[in-house]
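I opened my notebook to look into one protein chain.

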Amino acid sequence: MDHFLYRGGVLHAEDVPLPEIAEAVGTPFYCYSTATLTRHFRLFDEALDGVDHLVCYAMKAASNQAILKTLAGLGAGMDVVSGGEYARARAAGVPGERIVFSGVGKTRDEMRLALEGGVRQVNVESEPELHALSEVATGLGLSVPIAVRVNPDVDARTHAKIATGKSENKFGIPIARAREVYAEAARLPGIEVVGIDVHIGSQLTDLEPFRLAYRKVAELTDVLRADGHDIRRLDLGGGLGIPYTRSNEAPPLPVEYGAMIREELGHLGCEIEIEPGRLIVGNAGILVSRVIYLKSGEGRDFLILDAAMNDLIRPAMYDAHHDIVPVIEPAPGVAQTPYDVVGPVCESGDTFARGRMLPPLAEGDLVAFRSAGAYGAVMSSEYNTRPLIPEILVNERDFAVIRARPTFDEMINRDTIPEWL
Ligand code: LLP
């Protein structure tokens, strides 16, 4: 459920009509709903009610500080995967003890930043990383709580580019080698083993792969405890999928996910961490764009928008589907026709949808891409020297620009010209 609904024939974000925002900031823009963010965070938090837990929002999904502050204010921790994300979370006021540092290739500089600033736990993904972390921690005279990310060799049954839990993926250490790696971790100075970490992929629409992975984690907990490790925390990753179409998809709900976690892991008495990204912010954000031209091609009609693949890369990168709806509600029963919906970038890949059935649209009309809050703005670029588009946060009848559109000069002046030119 989200808070982008038609009222009086006009699509609103909460109580704000989207044409009003378009008028104020121009198009295209991302628009997020505070009520939806709040609702989705609470769904996870409540799903683990009664279990000692922390919901660490995977901020890679949408990392604007206003979003982080909204979630942190509700009690969220953060899952960060780079020094930049760590710094951004801190800048948004998230305390170090609520930040989990994940990621397959943390540099020593990034480790130092997090250790000096304070961190709840570092999720270690390889033995070389474990050694580097031990060196950095001892160099600072600190001891760092860690979990080792294990790769359970489970098929997440999702898009190949976002599956991470099979043995051929680059993530974590093979679960079969976990005992050795934990033994090594226990020997190393500056390292304090506190738990196990697992994350098998993103946009999972079925609980079974999670269940299989968590069962393996439960078995491993017993084995590692018998080896003398104090396993008291389990980080279960993120990955619960969202409905991208209004019609048929119905991924499991957080409450069902929470019940499964209790079933599989409740008896272990561990503190539970989860790292959802997409489900918190995906349907809490839309991308609003304007029709520049309608163009008739051979046997097809193109709807040319002012948004492009540099603003929302998911269709080009993962063949992802985003519902596209007109901001002015079409009359009931109006005939729909197929359009290829494209952006102005000079690549055929700059296609949002082919043969998409849409009601009649004209130059200047506004459309909204639904479910664009996760992996939208954060994956955008300035390809074709197109400015990064603004981000807007709505809260009931208020809206605020939380990232402004840069001017051409601001973009261009980031280049510096060598003196020999
Ligand atoms: N934890 C770890 C260690 C992760 O790698 C990820 C996502 C998450 C948590 C959050 O997963 P979520 O709950 O958002 O599914 N750009 C792709 C998705 C990449 C996901 C990367 N890792 C997309 O647009 O579909």
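My entries below go from the whole chain to its cores.

**Overall form.** I noted at the start that this is a predicted model. I looked up the secondary structure and found twelve helices and 21 strands. Next I checked the extent of the chain. Its C-alpha atoms fill a box of roughly 70 × 60 × 40 Å along the principal axes. I then asked how the radius of gyration sits with a compact globule. For 421 residues a compact globule would have a value near 22 Å, and the chain has 23 Å, so the two agree.

**Surface and contacts.** I looked up burial next. Of the 421 residues, 55% count as buried. The accessible surface comes to about 17800 Å². Carbon and sulfur atoms hold 52% of that surface. I also looked at contacts with a separation of 6 or more. Residues 24 or more positions apart account for 70% of them.

**The cores.** Which residues have the most contacts inside the largest nonpolar core? I found Tyr 57, Met 78, Ile 146, Tyr 214, Leu 234, Leu 236 and Tyr 257. This core has 100 residues. Helix 8, residues 208-226, gives the largest share of the core, with seven residues. Domain 1 (4-31 + 282-412) and domain 2 (103-274) each supply at least three residues to this core.

**One residue.** I picked Leu 234 and left aside its neighbours within four places in sequence. Its contacts include Ile 196, Val 217, Thr 221, Leu 265 and Leu 268. Cys 270, Glu 271, Ile 272 and Glu 273 also touch Leu 234.

Notes. Residues are numbered from 1 along each chain as its sequence is written. This is a predicted model: local features need pLDDT of at least 70, side-chain atom pairs count only at pLDDT 80 or more; totals for chains, interfaces and linings use all residues. Side-chain values use heavy atoms; hydrogens and water are left out. A nonpolar core is a set of buried Ala, Val, Leu, Ile, Met, Phe, Trp, Tyr and Cys residues joined through side-chain atoms within 4.5 Å. Buried means under 20% relative accessible area, exposed over 50%, partly exposed in between (1.4 Å probe, protein chains only). Helices (H or I, at least four residues) and strands (E, at least two) are DSSP runs, numbered from the N terminus. Domain bounds come from an automatic or database domain assignment. Contact means heavy atoms within 4.5 Å. The radius of gyration is taken over C-alpha atoms; the globule rule is 2.2 Å times the number of residues to the power 0.38. Accessible areas come from the Shrake-Rupley method with a 1.4 Å probe; for residues, only the protein chains shown count as cover.
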